[in-house]
Amino acid sequence: VQLVESGGGLVQPGGSLRLSCLASGGIFSINAISWYRQAPGKQRELVAGITNGGTTTYADSVKGRFTISRDNTKNTVYLQMNSLKPEDTAVYYCNANILRGGYVFPRDYWGQGTQVTVSS
C-alpha cells in the first residue's frame, strides 16, 4: 500500500491550497483517513479526519478554514485549506486505516508528506 500526497507549496497568508492523498496497492477497503501536520520543533498533530461514512473532525485551530473530503471511488482524500496563516506552515501527512485484500485486520499507513509554507 502506498499513500502519495500532493498539492503542497508556498502560499501567501490568506491564500488557499488543496492537498490530495491517493491510496493505492492491493486495497480492499479504507476506513478512517486523516491529515496530520508537523512543524519544525513541534510534535505531529491531527489536523482533520474523516470516516468511511463521512463523519469529520477538525482541530480547533483549523475549524472553519479547512475542509476534509474523500472520494471513495478514487481512494483519494482531500484537504481544502483556506485563509491560510503562517502558523499553518508544516509538513502535512496523510494517514489511512486500510484493510488489504486477503488480510483480516486493517492497519495504519502513512504518506511521505508534503510541505506547506505560508509566507509573504
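Visitor: In β6, which residue is the bridge partner of G49?

Guide: This is a predicted model, in which local features need pLDDT of at least 70 and side-chain atom pairs count only at pLDDT 80 or more, whereas totals for chains, interfaces and linings use all residues. Residues are numbered from 1 along each chain as its sequence is written, and side-chain values use heavy atoms, with hydrogens and water left out. Strands (E, at least two residues) and helices (H or I, at least four) are DSSP runs, numbered from the N terminus, and two strands pair if DSSP finds at least two bridges between them. Three bridges join β5 to β6, which run antiparallel, and in β6 the bridge partner of G49 is T57.

Visitor: Which residue in the turn between β5 and β6 has a positive phi?

Guide: The strands β5 and β6 form a hairpin, with five residues between them. In this turn a positive phi of about 100° belongs to G54.

Visitor: Which residue of β5 stands opposite R37?

Guide: Strand β4 (residues 27–38) runs antiparallel to strand β5 (residues 45–50), and five bridges join them. These two strands also form a hairpin with six residues between them, where G41 in the turn has a positive phi of about 80°. Across this pair, the residue of β5 that stands opposite R37 is E45.

Visitor: How far apart are N and O in the salt bridge between R37 and E45?

Guide: A salt bridge is defined as a side-chain nitrogen of Lys or Arg within 4 Å of a carboxyl oxygen of Asp or Glu, and by this rule the count comes to four. One of them joins the side chains of D60 and K63, at 3.1 Å from N to O. For the side chains of R37 and E45, the distance from N to O is 2.7 Å.

Visitor: Is R37 buried or exposed?

Guide: Residues are called buried under 20% relative accessible area, exposed over 50% and partly exposed in between (1.4 Å probe, protein chains only). On this scale D60, at 66%, is exposed, while E45, at 35%, is partly exposed. R37 has a relative accessible area of 6%, so this residue is buried.

Visitor: Which residue forms a salt bridge with R65?

Guide: R65 lies in the loop between β6 (56–58) and β7 (66–71), and its partner, 23 residues apart, lies in the loop between β8 (76–81) and β9 (90–100). Both residues of the pair are buried, and R37, E45, R65 and D88 are linked in a network of salt bridges. The closest N and O atoms are 2.7 Å apart in this salt bridge, which R65 forms with D88.

Visitor: What is the length of the polar contact that joins the side chains of D88 and R37?

Guide: A polar contact is a pair of N or O atoms within 3.5 Å; within protein, one must be able to donate a hydrogen and the other to accept it, and residues adjacent in sequence count only if both atoms are side-chain atoms. D88 is buried, with a relative accessible area of 0%, and a polar contact of 2.7 Å joins its side chain to that of R65. The polar contact between the side chains of D88 and R37 is 2.9 Å.
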